[in-house]
Amino acid sequence: MVVSTVSSGSLLDVWLDEICRDIQLTKSQYGDAVEKYEAVANWLTRDGSTFADIRLRVFPQGSVAYGTTVKPRGRDEYDVDLVLLLHVSTDDAMAVYKAVRDRLYEHDIYAELTEEMNRCLRLNYAGRFHLDILPAKPQQGGDGSWIMVPDKDLDDWSPSNPEGFRDWFLEIARAVYVRAERGTEPLPAPEDADAKAPLQRAVQLLKRRRDIYFERNGDGDDAPRSIVLTTLAARHYRGEHAVAAALKSIVEGMKREISTCPGILEVPNPTRDEENFAEAWDLQSYRRFVAFVEALHADLSELDALEGEAVGERLEEMFGENVTRRALKAAGHRFRQARVDGTARVTTSGIAIGATATSRSQPLRDHNFYGDGP
Amino acid sequence: MEMARKPPHFRVRTVDVHQQATFIRRDWPSFECKFNAGRLLARGNVRPSNISPLYTVGLSYRAKYPPKVWVETPSLRRREGEPDTPIPHTYNARTEGKERPCLYYKTDWRSDMLLARTVIPWFCEWLMFYEIWHWTGEWLGGGIDHDGGNGK
C-alpha cells in the first residue's frame with residue numbers, strides 16, 4: 001500500500017504533472033499488469049508447483065513499484081518486474097534459474113511467452129508488456145532485504161537489494177510503503193497510481209526526456225538505465241513540492257556530481273553498494289550520458305527564462321508535441337475545477353493549486369467569467 | 001445552472017474607495033492607488049503564473065458601481081491566424097484594442113467585497129486562462145455567456 005504526497009504548484013508544475021499522467025500507464029494497462037502479475041505469482045506458488053512447499057515471497061520491483069512508469073517509445077511494451085524470493089540456501093544459481101524456467105514451461109501459455117534473459121525470465125506479452133520474473137534467494141547481512149539473484153553471464157549469484165532500494169526511494173519521495181510479510185505482495189492499487197509525489201513525477205519526466213533525446217541523438221542502446229536516473233534523482237532531490245523546482249535541483253545535483261567525478265561515475269544501490277547500477281557504462285556510453293545531462297540542464301535553464309508561448313514550444317520539444325498539448329488542456333481543466341472546489345489560491349506570483357496556505361496566499365473565490373464565451 | 005435571480009433587497013455595507021485602496025496596497029504591493037472625484041484608480045503589475053509575462057493592469061472603481069479593469073501591457077490580442085475570433089469573456093470583444101476582461105457575473109461581486117480579494121485575483125486568473133486560450137484555442141476557465149448559456 002502506498003500513500004503519497006501529491007505535487008502542487010503553478011501552471012508550469014500542473015502542466016508537467018499532466019504530462020506525466022499522459023505518459024504513465026493508463027488505468028487499464030495498469031489493471032492488465034496487476035492481473036498478469038497475480039496470475040504468474042499464483043502459478044509459481046500454488047499447490048503442484050515446484051515451489052509449493054518452499055517458504056517464499058513475491059514482490060514487485062521496478063517502475064511499477066516506485067510509481068514512475070513511462071510508456072516506452074519505439075517499442076510498445078513496458079516493463080513489469082516481479083521478484084520470486086525463495087528461501088533456499090543452495091550455491092547453485094543456475095539450478096534455481098532453471099527451476100523457475102521449467103515451472104513456467106509447464107504452463108501452456110507461459111511456455112509460449114517465456115524468454116530467457118541474463119538474470120530474469122521474461123514473459124513477453126507482445127504489444128503490451130514484459131513481465132520480468134527475477135528468481136532470488138535471501139542473503140544474510142545488510143538491512144534484511146539483501147538477496148542474491150542468478151546471473152547467467154557470471155554463472156553464479158549476484159548481489160542485489162531491490163526491496164531496500166524501493167523503500168529508500170519511496171521514503172525520499174515521502175510515499176510511504178507498507179510491506180507484506182509473506183505470500184504475494186500486490187502491486188500498488190490503481191487509485192494510488194494516480195496521485196504521485198514530486199520526486200516520482202521528476203523521475204517520469206527524466207525518463208521521458210531520455211527517451212526523446214536518445215531517439216533523436218542516435219543510439220537508443222546507449223540511453224542511461226532507468227534505475228540510474230531514478231537513483232540519481234532521489235539522491236539529489238531536496239524535498240521540493242513543485243515538480244519544476246524538483247527537476248531543477250535534481251539536474252543541478254547530477255551535473256555537479258559528474259563534474260567532480262574523475263572517471264566514469266558509479267551509481268551504487270544506496271542500500272547495497274556492491275550493486276553498481278551503472279556497471280554497463282563504458283567511455284562512450286558514459287560520455288553520451290554526460291551530454292544528456294548537459295542538455296537537460298540547458299533545457300531547464302531556458303525554461304526558467306522563458307515566458308508565454310515559448311514555454312509551450314520548449315516543453316513540446318522536450319517531451320513531445322501531442323503529449324504537451326493534451327497536458328495543457330488537462331491543466332486548464334484542473335485549475336477551473338480547483339477554483340470550483342475551493343482549492344485554488346492566489347499570491348502576487350499568480351494562481352496555484354494544492355499550495356499550502358500561507359499568510360501570503362489567499363483563496364481564489366469561485367466566480368463566473370462573463371461576456372461572450374468562445 | 002439557472003440565471004441568478006435578482007437578490008432580495010437588503011442593505012449592503014459598501015466598502016469605501018479608501019478602504020479598498022488600503023487592501024489593494026497591502027495585498028498587491030506593486031499597485032499604485034490614486035483618487036479623483038470619488039473614483040479610485042489603481043495601477044500595478046500581475047503575473048498570473050510562473051510562466052506568464054508580467055502584465056501592467058489598471059482598475060477603476062467608484063463606490064457601488066461595478067469596477068472596470070483593463071490590460072495596459074502587453075496588450076491583449078487575438079490568436080494568431082484567427083483574426084476574426086474575438087477574445088473570449090471580454091467587453092468590447094468586437095473592437096480590437098478595446099477589449100476589457102469580463103470577470104464576474106452579476107452577484108459574484110458586491111460592493112461589500114474587497115477588490116483585492118476578488119476582482120484582482122479573478123483578473124490574474126482571467127489572464128492565465130487567456131494565455132491558455134492562446135495556446136490551445138479553448139477557454140478552459142468556464143463562465144457564462146451574454147445570452148445566459150452556462151459554460152461552467
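The model is predicted, with local features requiring pLDDT of at least 70 and side-chain atom pairs pLDDT 80 or more, whereas totals for chains, interfaces and linings use all residues. Residues are numbered from 1 along each chain as its sequence is written.

In chain B, four strands form an open sheet in the order β1-β2-β3-β4, with antiparallel pairing; strands are DSSP runs of E of at least two residues, helices runs of H or I of at least four, numbered from the N terminus, and pairing requires at least two DSSP bridges. Eight bridges join β2 (residues 39-46) and β3 (residues 55-62) of chain B, and Leu41(B) stands opposite Ser60(B) in β3(B).

Two helices of chain B lie across strands of this chain: α1 (residues 17-27) across β1, β2 and β3, and α2 (residues 119-136) across β2, β3 and β4. Contact here means heavy atoms within 4.5 Å.

The contact between the chains takes 36 residues from chain A and 49 residues from chain B. About 4,000 Å² is buried between them, 59% of it from carbon and sulfur atoms; buried area is the accessible area (1.4 Å probe) lost on being put together, summed over both parts. Asn368(A), Phe369(A) and Tyr370(A) supply 23% of the area that chain A buries against chain B, more than any other three residues.

Three salt bridges cross the interface of chain A and chain B, each a side-chain nitrogen of Lys or Arg within 4 Å of a carboxyl oxygen of Asp or Glu. Arg339(A) forms a salt bridge with Glu125(B), with closest N and O atoms 2.7 Å apart.

How values were computed:
Chains are lettered from A and ligands numbered from 1 in the order in which they are written. Side-chain values use heavy atoms; hydrogens and water are left out. Axes are lines fitted to C-alpha atoms, for helices over the stretch in contact, and angles run from 0 to 180 degrees between N-to-C directions. Buried area is the accessible area (1.4 Å probe) that two parts lose on being put together, summed over both.
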